[in-house]
Amino acid sequence: MKVYLLVFSTFLLACTAEPTLSNSEIEITNCSTTVDLDEPQCPKGHTDEIIPIAWGKPSKEGMAKADSGLIWLGGCIMTENSPSFHCKIHDIEF
Ligand SMILES: [Zn+2]
């Protein structure tokens, strides 16, 4: 659920920053109906090359996945504000 909220707020930020629309309330409503919650989006606006971040001590399988670039190892301690995804293109977490 936290992941979805993060993705959703990213969309809201992107949409409210859209300069061609003057009514932000309408824009937010439009966004909430078109967001695909299953597909994380980079803050830079693309959905490819994004991998989930695995928190905690990785298993052997987790290490193998990280080596293959399928997941990103976030570290041992996950906090309230820990990011959920890693963009391989921009090398950022969100
Ligand atoms: Zn990116």
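This is a predicted model: local features need pLDDT of at least 70, side-chain atom pairs count only at pLDDT 80 or more; totals for chains, interfaces and linings use all residues.
Strands of a sheet pair through backbone hydrogen bonds, in either a parallel or an antiparallel arrangement.

## Partners of β1

Strand β1 spans residues 50-55 and pairs with strand β2, residues 72-75. This pairing is parallel and has 3 bridges. Within it, A54 faces L73 of β2.

β1 also pairs with strand β3, residues 85-87. Here the strands run antiparallel, again joined by 3 bridges. P52 stands opposite F85 in β3.

## The β-α-β unit

Helix α3 covers residues 60-68. Together, β1, α3 and β2 form a β-α-β unit. The unit is right-handed. The two strands of this unit are also the parallel pair described above.

E39 sits in the loop between α2 (24-34) and β1. Is E39 buried or exposed? E39 counts as exposed, because it has 10 C-beta neighbours inside 10 Å. The cut-off for an exposed residue is 12 or fewer.

How far apart in space are E39 and I50, C-alpha to C-alpha? The distance is 9.2 Å. In sequence, E39 and I50 are 11 residues apart.

How values were computed: Residues are numbered from 1 along each chain as its sequence is written. Two strands pair if DSSP finds at least two bridges between them. Helices (H or I, at least four residues) and strands (E, at least two) are DSSP runs, numbered from the N terminus. A crossover is right-handed if, with the strands pointing away from the viewer, the path from the first strand over the helix to the second runs clockwise. A residue is buried if 20 or more other C-beta atoms lie within 10 Å of its own, exposed if 12 or fewer, and partly exposed in between; C-beta atoms are placed from the backbone.
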